[in-house]
Amino acid sequence: MAANFWTSSHYKQLLDQEEVDVVQPLDREKGITLEEFKLIKMQMASYISKLAQHVKVRQRVVATAVTYMRRFYTRKSMTEYDPHLVAPTCLYLASKAEESTVQARLLAFYIKKIYADEKYRYEVKDILEMEMKILEALNYYLVVFHPYRSLVQLLQDVGMNDMNMIPFAWGLANDTYKMDLILVHPPHLIALACIYIASVYREKDNTAWFEELRVDMNVVKNISMEILDFYENQRMITEDRINAAFSKLASKP
């Protein structure tokens, strides 16, 4: 695994937001809007997290799996590649990449347990076949850097590494995977945005510390606003909106 983010395939594959916010032509034909595209990806990130709890893997594996899933859909359509199969397959692939291997048959078992709908009850062979398609779409680049390590180090540096602050900031970092931030920004900037939000929320003035950092604070603040906007918009997400998005995806064009 690459030791330096700046020389890694992850860094080389960072995208502009405009490149991430693209609904593939086949999905557009189904009437999928950009907001629905984001909603489906968010639901699949939650699905990966739910599966991960059943098979008992680390948060890092979940984060890597979600990154694979989001990266995959910048290149492939949901119409051709069902998210309900892509999501668990990304978890399977991430478990191997992060050296916490989960057997495909265990994932197939829990897919059937979680989804009562027959059309989403995939078998081991489906996961193994999809794995190859995902690997090809990712160009076999599996290294992913996450904000967690930077977050812990930076919290210690700023003097906010108490037992109340670490879980709060860590929770913010976890929630960033409900968005596409990891495809667009270096992980240390995402970590700084989480610390920035935590500082404001806990009324801790870290202005001098932030000013000493050699980072573009406009970017950090923009990431922070995107996270806060997500929380605000999440309140308006209903089960009906989610079901409507998936209904479009399942319909014939």
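With a relative accessibility of 8%, E98 counts as buried in this predicted model. Its salt-bridge partner is R60, and the closest N and O atoms of the two are 2.8 Å apart. E98 sits in the loop between α6 (83–97) and α7 (104–114), whereas R60 belongs to helix α5 (residues 59–72), so the contact ties together parts of the chain that are 38 residues apart in sequence. R60 itself is partly exposed, its relative accessible area being 25%.

K96 and E131 meet through their side chains in a salt bridge, at 2.6 Å from N to O. This pair, too, links distant parts of the chain: K96 is in helix α6 and E131 in helix α8 (residues 124–137), 35 residues apart. For E131 the relative accessibility is 8%, and the residue counts as buried, while K96, at a relative accessible area of 34%, is partly exposed.

Turning to D175 and K178, their side chains form a salt bridge with an N to O distance of 3.3 Å. D175 has a relative accessible area of 17% and is buried because the cut-off for that class is under 20%. K178 reaches 27% relative accessibility and counts as partly exposed.

Beyond these pairs, K41, R70 and D180 are linked in a network of salt bridges. The overall count for the model comes to nine salt bridges, among them the contacts E98 with R60, K96 with E131 and D175 with K178.

Definitions and conventions. Residues are numbered from 1 along each chain as its sequence is written. This is a predicted model: local features need pLDDT of at least 70, side-chain atom pairs count only at pLDDT 80 or more; totals for chains, interfaces and linings use all residues. Side-chain values use heavy atoms; hydrogens and water are left out. A salt bridge is a side-chain nitrogen of Lys or Arg within 4 Å of a carboxyl oxygen of Asp or Glu. Helices (H or I, at least four residues) and strands (E, at least two) are DSSP runs, numbered from the N terminus. Buried means under 20% relative accessible area, exposed over 50%, partly exposed in between (1.4 Å probe, protein chains only).
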